[in-house]
Amino acid sequence: MRILLEARREPSRLARWLSPIVATLAVLLIGFVLFTAMGKDPWQAMYTFFIDPIDERYKAAELLLKASPIMLCAIGLAVGYRANVWNIGAEGQLIMGAICGGGIALAFQDIETRWVLPLMLLAGMAGGMLWAAIPALLRTRFNANEILVSLMLVYVASLVLSLLVHGAWRDPEGFNFPQSKMFAEHALLPNLVPDTRLNVGFLIALAAVAAGWLFMRKSLPGFQMRVAGLAPAAANYAGISANRTVWMGMLIGGGCAGLAGIGEVAGPVGQLLPVISPGYGFAAIIVAFVGRLHPLGIFFASLLMSLLYLGGEAAQMKLALPSSVTGLFQGTLLLFLLAADVFIHYRLRIVRAPAAAARPA
Amino acid sequence: MDTAAQLVLLTLAAGTPLVFAALGELVTEKSGVLNLGVEGMMLVGAVVAFIVAANTKSPWLGVVAGIAAGAALSLVFALVTLTLQANQVASGLALSLFGVGLSAFVGLSYVSVVIDPIRPIAIAGLSDLPVLGKLLFAHNPLVYVSLVLFAAIQWFLFHTRAGLVLRAVGESPQSAHAIGYPVVRIRYAAVMFGGACAGLAGAYLSIVYNPSWVEGMTAGRGWIALALVVFATWKPWRVLAGAYLFGGVTLAQFQAQGLGVEIPAQYLSMLPYVATIVVLAIISRDAATIKLNAPASLGRPFHPDG
């Protein structure tokens, strides 16, 4: 008996949406086994990891708070990925957004106007776009691989941030710690739900998801980008500029990531620190895929990813489990997803007779 | 003169992890498979090598374990992309993210452990010769291994029948399949070889270059190795040259500090990444050369049923 993969005539929509669910269940199973192997009560560990972080109002707000930057980055990346523009440097663009927006906040430390916050958001977006423009330029002008360039720029961005908080922007009254001054009240995102830390950044993220949907589904450039991704040759024939596709994909991804960055420093962080993101830009890559590059899918996948972060923290505090289990779960989730995706284009066929009876291999 | 010899010694030492990782990836790519998971495989290789070396007190056993770990991780990639037909770019990214997470998780309790590293060879008499002694006889054993590996790969790819078949699979899997070569199996082997090399590169980092385990200690070297394969237009000797060039760039950081140059460390730390971007742009500029040299089926899935 042999098991063969047989190509489907048409991709299965059912498999497309089932696969993230299967992957999530597989991660739960792995978690269960892992916790047992580490000598913890698996049920209690699972409860701590996946339920405990959201069983109160305050905690649920934390879930949305953490999901916001991931959602923003992922929706931006998804637009590019649809067009086969592989921006994997959202983390760097996020940092650059935080730097540019944070710079405005520090400059307007003592000048109280209500224009500071909008200006910060714009600067953050511009910073992310600027950082994404480098791989876009090098790709369109010099044919340089955008995957490698955008990734290299993550390291450069985090070094720029380190340079600033250790040097020019260091708080003179900060006991020599590498950190900027705390942002003034008027440079922080307003709170959304009283008694929680949830701020209007969540609304910005939701708006971005909605805008992403409108752009991809209802606009001509969005349509052109989807065509460029699905059938590059057809896109070329139809006169859709490949360079323009790269530029749009990169700039949208960078802008969203930059917005996420300023949202973090003008939100829960409140100042510039050497490290402002626990890898949201990379988690967003996973979210974009798990969410099927679809805005609604991305919304739910961001919540899941946020839960993985919070679960890791809870497991560390309550069960003395290493919080790095989060990274492990994230990677596992994406690998399982990609593996399960085989059923979109193929189905299993069990051949009982000798292999020769199957289709000629 | 002796400081010049010392500089060569240090450059080779800094370039060696890139040599291992990039040569492995080159073989993988020659078979038509693009594995972006080098960074992840290196990290897992590094942490497993370190753990085994710490527990067995044998650094060489650690190296072997690192190689095995890299190969094992690449097997996951091979399974997902070659058997389950997943997108190679996405799967490679997934492998890197997974490797980062896995290595941080398993290495947690080893962060401040000290191990006995593999020391440079010192051949009595020979290594003490002025200049030449240092240049030829004072390297770490793994540096010699990397040079042997380079020669072996060059010979295998361009002077053996098996190497020809591997390249044929990378250029036109359909033709190779039609002639009767087991394309998928050959690609499995090439991917696992690449994984083993990445694991070795990681082991070199954690056991020789900087005997310790630190989360994310590869610092992007896996990605630089990927870029190196492009710079080298898929030619082993150019991989070697590029790796040492980048080794030299990494060194600039320490050298400048040694010379008392007043410049924030961050600028120098940026150098390897900025250099990668600049060189990548310069080399890729000539799209025709890249297209001519890149394996024709690079990154494209292959299924025997078509």
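**Exercise 1. Two crossing helices in chain A**

Which hand, left or right, does the crossing of α3(A) and α11(A) have? Work it out in this predicted model, and describe the contact as you go.

*Solution.* 
- Step 1: Find the two helices. In chain A, α3 covers residues 57–82 and α11 covers residues 280–290.
- Step 2: Look at the axes. They come within 8 Å and cross at roughly 55 degrees. Angles from 65 to 115 degrees would count as roughly perpendicular and those under 35 as roughly parallel, so α3(A) is oblique to α11(A).
- Step 3: Read off the hand. The crossing of α3(A) and α11(A) is right-handed.
- Step 4: List the residues that make the contact. From α3(A) come Pro69(A), Ile70(A), Cys73(A), Ala74(A), Leu77(A), Ala78(A) and Tyr81(A). From α11(A) come Tyr280(A), Gly281(A), Ala283(A), Ala284(A), Ile285(A), Val287(A) and Ala288(A).
- Step 5: Sort them by class. The contact of α3(A) with α11(A) has 13 nonpolar residues, one polar and no charged.

**Exercise 2. A serine in α3(A)**

Is Ser68(A) buried or exposed, and which residues does Ser68(A) touch beyond its sequence neighbours?

*Solution.* 
- Step 1: Ser68(A) sits in helix α3 of chain A.
- Step 2: Count neighbours. Within 10 Å there are 29 other C-beta atoms, so Ser68(A) is buried; the cut-off is 20 or more.
- Step 3: Leave out residues up to four places away in sequence. Ser68(A) then touches Gly201(A), Phe202(A), Ala205(A) and Gly263(A).
- Step 4: Leu206(A) is 138 residues from Ser68(A) along the chain, yet their C-alpha atoms are separated by 7.9 Å.

**Exercise 3. A strand pair**

Which strand is joined to β1(A), and by how many bridges?

*Solution.* 
- Step 1: Find the partner. β1(A) is joined to β2(A), residues 346–351, by six bridges, and the two strands run antiparallel.
- Step 2: Pick one pair. Leu4(A) has Arg349(A) in β2(A) as its bridge partner.
- Step 3: Check the cover. β1(A) spans residues 2–7 and is hardly covered: of its six residues, the count of buried ones is zero.

**Exercise 4. Where the chains touch**

Which element gives the largest share of the side of chain B that touches chain A?

*Solution.* 
- Step 1: Size up the two sides. The contact involves 40 residues of chain B and 41 residues of chain A.
- Step 2: List the elements of chain B that give two or more residues. They are α3, α4, α10, α12 and α13.
- Step 3: Pick out the main contributor. α4(B) gives the largest share, twelve residues.
- Step 4: Sort by class. This side of chain B has 30 nonpolar, eight polar and two charged residues.
- Step 5: Zoom in on one residue. Met270(B) is found in helix α12 of chain B and touches Val156(A) and Leu159(A). With 19 other C-beta atoms within 10 Å, Met270(B) is partly exposed.

**Exercise 5. Positive phi**

What are the phi values of Arg292(A) and Lys57(B), and where do these residues lie?

*Solution.* 
- Step 1: Take Arg292(A). Its phi is near 60 degrees, a positive value in a residue other than glycine. Arg292(A) lies in the loop between α11 and α12 of chain A, and 18 C-beta neighbours inside 10 Å make Arg292(A) partly exposed.
- Step 2: Turn to Lys57(B). Phi here is near 65 degrees, again positive in a residue other than glycine. Lys57(B) lies in the loop between α2 and α3 of chain B, and with 11 C-beta neighbours inside 10 Å, Lys57(B) counts as exposed.

Terms used: Residues are numbered from 1 along each chain as its sequence is written. Chains are lettered from A and ligands numbered from 1 in the order in which they are written. This is a predicted model: local features need pLDDT of at least 70, side-chain atom pairs count only at pLDDT 80 or more; totals for chains, interfaces and linings use all residues. A residue is buried if 20 or more other C-beta atoms lie within 10 Å of its own, exposed if 12 or fewer, and partly exposed in between; C-beta atoms are placed from the backbone. Helices (H or I, at least four residues) and strands (E, at least two) are DSSP runs, numbered from the N terminus. Two strands pair if DSSP finds at least two bridges between them. Axes are lines fitted to C-alpha atoms, for helices over the stretch in contact, and angles run from 0 to 180 degrees between N-to-C directions. Angles under 35 degrees count as roughly parallel, over 145 as roughly antiparallel, 65 to 115 as roughly perpendicular and the rest as oblique. A crossing is left-handed if the near helix is turned anticlockwise from the far one by less than a right angle, and right-handed if clockwise. Two residues are in contact if their C-beta atoms, placed from the backbone, lie within 7 Å. Ala, Val, Leu, Ile, Met, Phe, Trp, Tyr, Cys and Pro count as nonpolar, Asp, Glu, Lys and Arg as charged, and the others, Gly among them, as polar.
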